[in-house]
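Please look over the sequence and the model below before reading on.

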Amino acid sequence: MRRAVLALVCACQFMVILDASIVNVALPAIRDDLGFAPAGLPWVVNAYLLTFAGFMLLGGRAADLFGHRRTLIAGLLVFSAASLAGGLAGAPGILVAARLAQGAGAALLAPATLAVINSYFTAERARARAFGAWSAAGGVGGMAGAIAGGALTTGLSWRWIFLINVPIGIIGIILS
């Protein structure tokens with residue numbers, strides 16, 4: 001059971017950090033497809049990052065108030081729904097709004113994963129290993145973003161950089 005919990009929180013952290021970097025490679029394709037103005041295009045990245053960073057403390061407090069599991073599931077729901085909306089976006093404003101919502105979901109999700117580790121892994125050595133695995137998952141997610149973004153954009157469409165999160169989120173919700 002411990003490995004399943006650790007795998008779930010690491011997958012969530014991987015997905016949250018992956019989405020911070022996966023979009024960068026797809027920006028030219030997004031610009032061309034949706035007709036972004038040059039000044040509007042950076043908001044595809046910044047909307048996610050600003051919302052994620054700005055609401056992370058609130059996400060941690062929500063995990064304390066409403067429970068770690070509930071907040072984790074809520075974060076997965078918001079993140080996955082926003083990913084679906086981003087993948088289906090037909091206009092620049094819709095994509096930026098979806099990225100704002102994705103950042104809010106990530107702000108719930110990331111601190112909830114830490115809270116789950118902190119409460120589920122009570123032995124000092126097990127907790128240290130779990131935090132190490134969680135950190136590594138985030139590092140790999142950041143690194144994999146450029147590779148995955150390029151592969152998905154080139155092989156399928158820029159929309160798949162968002163749509164890939166939907167099945168992962170659904171599996172995460174079911175496992176939670």
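The side chain of S83 reaches the backbone oxygen of F79 at 2.8 Å. This distance, like the other values here, comes from a predicted model. S83 lies in helix α4, which covers residues 68-88. The side chain of S83 also makes a polar contact, at 3.2 Å, with the side chain of N165. Leaving aside residues up to four places away in sequence, S83 touches Q102, F162, L163, N165 and V166. S83 has a relative accessible area of 0%, so the residue is buried.

The next part concerns helix α6. This helix runs over residues 124-155, which makes 32 residues. At 1.5 Å a residue, α6 should span 46 Å, and the C-alpha atoms at its ends are 44 Å apart, which agrees. The helix has a kink of about 40°, centred on A144. A144 is itself one of the buried residues of α6. Others that are buried in α6 include A130, W134, G138, G149 and L152. Among the elements that cover the buried residues of this helix are α1 (2-21), α2 (23-34), α5 (92-120) and α7 (160-163).

I147 is also placed in α6. Is I147 buried or exposed? I147 counts as exposed because its relative accessible area is 62%, and exposed means over 50%. From I147 to A4 the separation is 143 residues in sequence and 27 Å in space, taken from C-alpha to C-alpha.

| Residue | Relative accessibility | State |
|---|---|---|
| S83 | 0% | buried |
| C12 | 3% | buried |
| C10 | 12% | buried |
| I147 | 62% | exposed |

Two of these residues, C10 and C12, are cysteines. A disulfide is a covalent bond between the sulfur atoms of two cysteines. How many disulfides does the model have? The count comes to 0 disulfides. C10 takes part in none, and the nearest cysteine sulfur to its own is that of C12, 9.3 Å away.

Key. Residues are numbered from 1 along each chain as its sequence is written. This is a predicted model: local features need pLDDT of at least 70, side-chain atom pairs count only at pLDDT 80 or more; totals for chains, interfaces and linings use all residues. Side-chain values use heavy atoms; hydrogens and water are left out. A disulfide is a pair of cysteine sulfur atoms within 2.5 Å. Buried means under 20% relative accessible area, exposed over 50%, partly exposed in between (1.4 Å probe, protein chains only). Helices (H or I, at least four residues) and strands (E, at least two) are DSSP runs, numbered from the N terminus. The expected span of a helix is 1.5 Å times one less than its number of residues. The bend at a residue is the angle between axes fitted to the seven residues ending there and the seven starting there. Contact means heavy atoms within 4.5 Å. A polar contact is a pair of N or O atoms within 3.5 Å; within protein, one must be able to donate a hydrogen and the other to accept it, and residues adjacent in sequence count only if both atoms are side-chain atoms.
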